[in-house]
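Okay, everyone, let's get the picture up on the screen.

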Amino acid sequence: MTFDIPKERWAEFLNDFSRRRYGWETKVEIISDSIGDQILSNGLALKGVTFENRAGRSEIEILIGTGDAHQTHTIHEPVAVCYLDEESGFRGMLEIEEANGTKTLLSLVDPMPVYVGYTAFKIVAAS
């Protein structure tokens with residue numbers, strides 16, 4: 001099911017979305033008449049999605065990855081934010097549309113796995 005998020009709730013929704021999906025594996029795509037469908041990244045962990053509205057200019061930033069493998073994608077003058085829930089086959093998807101018609105899709109794939117190290121011990125029986 002698709003939910004249109006009202007503009008007055010963008011900041012609250014995106015903050016909550018970021019908090020609940022922090023560290024989840026993502027796929028970021030751009031759909032534009034001028035460049036077609038382009039994949040910006042695949043497999044990087046979500047760090048956050050923010051909305052800023054300063055002096056009448058709106059921006060949404062998507063921050064993904066860690067260390068040397070990270071990206072920040074800025075969407076200038078967004079006009080629509082939609083959320084496609086888990087029934088989409090992913091773990092949810094954000095669709096953000098810019099004033100020029102360009103769409104950014106942020107798909108959540110799965111939480112990033114947590115690797116836990118271990119140490120082998122040899123048990124020796126004492127007599």
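So, β4 and β5 run antiparallel, with 8 bridges joining them. Quick note on words: helices (H or I, at least four residues) and strands (E, at least two) are DSSP runs, numbered from the N terminus. Two strands pair if DSSP finds at least two bridges between them. Please keep in mind that this is a predicted model, where local features need pLDDT of at least 70, side-chain atom pairs count only at pLDDT 80 or more, and totals for chains, interfaces and linings use all residues. Residues are numbered from 1 along each chain as its sequence is written, and side-chain values use heavy atoms, leaving out hydrogens and water.

Back to the pair. Between β4 and β5 there's a hairpin with 2 residues between the strands, and Gly-67 there has a positive phi near 55°. Which residue of β5 is the bridge partner of Ile-62? That's His-73, sitting in strand β5, residues 69-76.

Is His-73 buried or exposed? Buried, because its relative accessibility is 18%; the cut-offs are under 20% relative accessible area for buried, over 50% for exposed, and partly exposed in between, using a 1.4 Å probe and protein chains only. Leaving aside residues up to four places away in sequence, His-73 touches Ile-30, Leu-40, Ile-60, Glu-61, Ile-62 and Thr-104, where a contact means heavy atoms within 4.5 Å. With Thr-104, the side chain of His-73 also makes a polar contact of 3.3 Å. By that I mean a pair of N or O atoms within 3.5 Å; within protein, one must be able to donate a hydrogen and the other to accept it, and residues adjacent in sequence count only if both atoms are side-chain atoms.

Now the other neighbour of β4. Strand β3 (residues 36-54) runs antiparallel to strand β4 (residues 57-66), and 8 bridges join them. Those two also form a hairpin with 2 residues between them, and in the turn Ala-55 has a positive phi of about 50°. Over in β4, Glu-59 is the bridge partner of Glu-52. Glu-52 also forms a salt bridge with Arg-54, closest N and O atoms 3.5 Å apart. A salt bridge here is a side-chain nitrogen of Lys or Arg within 4 Å of a carboxyl oxygen of Asp or Glu. Glu-52 is partly exposed at 34%, while Arg-54 counts as exposed at 57%.

How many salt bridges does the structure hold? There are 5. One of them joins Arg-19 and Asp-16, at 3.2 Å between the closest N and O atoms. Both lie in helix α1 (residues 10-21), 3 residues apart, about one turn of the helix. Arg-19 is exposed because its relative accessibility is 60%. Another joins the side chains of Glu-95 and Lys-103, 3.6 Å from N to O. There's a network too: salt bridges that share partners link Asp-16, Arg-19 and Arg-20.

Zooming out, the chain has 1 helix and 8 strands, in the order β-α-β-β-β-β-β-β-β from the N terminus. Buried residues are 35% of its 127 residues.

And confidence? Mean pLDDT, the predictor's confidence in each residue from 0 to 100, is 86 for the chain, with 81% of residues at 70 or more.
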